[in-house]
Amino acid sequence: MISESWLPFCISNWWEMRGPGKLEVWKMGFVNYLDALKLQEKLVSDRKLCRIPDTLLSLQHSPTYTLGKRRTDHNLLLPVSELKNIGAELHYTQRGGDITFHGPHQAILYPIISLREIGIGARNYVEKLESTMIELSSLYGVKACAGQKGETGVWVGERKIGAIGVRISYGITSHGLAYNIDPDLKYFKHIVPCGITDKEVTSLRRETATVLPAEEVIQEQLISCFARLFGYSTVTWKENPSMFSDHESID
């Protein structure tokens, strides 16, 4: 679930900037997974050097399976050669956690934030990510909760509605959470989601009796839950920002 490295950074500014302040939200729409990965790496580097404020990427991916640093390939239940036939990709990452799926109609948040400036540790950070998805679910009358010991993410009964896999490097976070609004759940049948057997995956559409608004509205609600739970006093929004306009050194 967590891949972590803690070393001093931005020491000269730490006490002055401690506590949540400004959060910059990038609303990005659909982004290729590898492009998003490269962007996160660049933003993490910039955040370590205090060149940017805490930043939250809000996006979606085309069908993509990702594995964490433990490389649990055995939890992919079909040959890699067959992924193209179902329109999916596979990518390896340095985040914590097991195999998971990203796809359309799933709300994804990648926070690039300084835990030291906020003043929280890794465990509290993950708990706040869980609470973000739990609070969103409650807006639609869905009672979700954090998993039992060894069960990461957020659950509705025995059904998983949200996944978490994060990386923390020098106190700066990347990767994040994926919340199922209404994805094609058939993709989850090809994996052991997050390495947990005998459990189902569900979605907000399946669990709520409420008529859902446009997905953009739900994504913005998820962002609002995140900002409130993390205590940001100022939130600014970037609509469809160019990944490369201010980040030419990504490639």
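I began with the surface of this predicted model. The chain exposes about 11,400 Å². Carbon and sulfur atoms supply 51% of that area.

Next I looked up burial. Of the 251 residues in the chain, 53% are buried.

Then I listed the secondary structure. I found 6 helices and 13 strands.

I also checked how far apart in sequence the contacting residues lie. Among contacts with a separation of 6 or more, 79% join residues 24 or more positions apart.

**Two helices**

I turned to helix α4, residues 122–138, and helix α6, residues 215–230. Their axes come within 9 Å and cross at roughly 135°. Angles over 145 would count as roughly antiparallel, and 65 to 115 as roughly perpendicular, so α4 is oblique to α6. The crossing is right-handed.

Which residues of α4 and α6 make the contact? From α4 I noted Y125, K128, L129, S131, T132, M133, E135 and L136. From α6 I noted I218, Q221, L222, C225, F226, R228, L229 and F230. I sorted them by class: 10 are nonpolar, 3 polar and 3 charged.

Last, I looked at backbone angles. Most residues other than glycine have a negative phi.

H105 is not a glycine, yet its phi is positive, about 65°. H105 sits in the loop between β6 (100–102) and β7 (106–112). Is H105 buried or partly exposed? Its relative accessible area is 37%, so H105 is partly exposed.

Y170 also has a positive phi, near 55°. I placed Y170 in the loop between β10 (159–169) and β11 (172–180). Its relative accessibility is 33%, so Y170 counts as partly exposed.

Note on methods: Residues numbered from 1 in each chain as written. Predicted model: local features only at pLDDT ≥ 70, side-chain atom pairs only at ≥ 80, totals over all residues. Heavy atoms only, no water. Helix = DSSP H or I, 4+ residues; strand = E, 2+ residues; numbered from the N terminus. Buried < 20%, exposed > 50% of the residue type's maximum accessible area, 1.4 Å probe, protein only. Contact = heavy atoms within 4.5 Å. Areas by Shrake-Rupley, 256 points an atom, 1.4 Å probe, with all protein chains shown as cover. Axes fitted to C-alpha atoms, helices over the stretch in contact; angles between N-to-C directions. Parallel < 35°, antiparallel > 145°, perpendicular 65-115°, else oblique. Left-handed = near helix turned anticlockwise from the far one by under 90°. Nonpolar A, V, L, I, M, F, W, Y, C, P; charged D, E, K, R; others polar.
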